[in-house]
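Colleague: I am new to this structure and would like to go through a few of its contacts. Please show it first.

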Amino acid sequence: MKVNTDGVLLGAWANAEHPQSILDIGTGTGVIALMLAQRFPKAEIDAVELDKLAATTAAVNFQVSPFSNRLKALPLAVEHYWMVYPDKKLDLIVSNPPFFLDSLKSVEKTKELARHTNVDFFEELCASVAQHLNPKGNFCLILP
């Protein structure tokens, strides 16, 4: 997965008041989580990623960063993250989700997973995020 402008902008723009707990949904190689770790030195950051290879890359990137003790890459879907941490409340949740709807799909499964979704995905994402944000928490994402 490549670093893209959307991800870099999200990492620079996403904000919360003194966040202690952050979740990056669909972290890819971990660029957004790394940027947030640099910006918020007291935050613990979980980063979930469906693609096992990308999750492994994020974990390696986290390990070699100066923020390694505050970053955790988890190779699972956000739905499974909520099952593992059903009562977890977060100060900041970010996502640069797949956003192509009803368009030509890629022949490569990993590209299709990263770039294509359906309307139900966004409804479920917003509903689950709302349940896991602290009262003053923020949800920041990139949409087309």
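Colleague: Which side chain does the side chain of Ser128 join in a polar contact of 3.1 Å?

Modeller: This is a predicted model, in which local features need pLDDT of at least 70 and side-chain atom pairs count only at pLDDT 80 or more, while totals for chains, interfaces and linings use all residues. Residues are numbered from 1 along each chain as its sequence is written, and side-chain values use heavy atoms, with hydrogens and water left out. A polar contact is a pair of N or O atoms within 3.5 Å; within protein, one must be able to donate a hydrogen and the other to accept it, and residues adjacent in sequence count only if both atoms are side-chain atoms. The partner of Ser128 at 3.1 Å is Trp82.

Colleague: Is Ser128 buried or exposed?

Modeller: Ser128 is in helix α6, residues 119-132 (helices are DSSP runs of H or I, at least four residues; strands are runs of E, at least two; both are numbered from the N terminus). Buried means under 20% relative accessible area, exposed over 50%, and partly exposed in between, with a 1.4 Å probe and protein chains only. At a relative accessible area of 15%, Ser128 is therefore buried.

Colleague: With which residue does Asp46 form a salt bridge whose closest N and O atoms are 3.0 Å apart?

Modeller: A salt bridge is a side-chain nitrogen of Lys or Arg within 4 Å of a carboxyl oxygen of Asp or Glu. Asp46 is buried at 5% relative accessibility, and its salt bridge with Lys72 has a separation of 3.8 Å. At 3.0 Å, the partner is Lys88.
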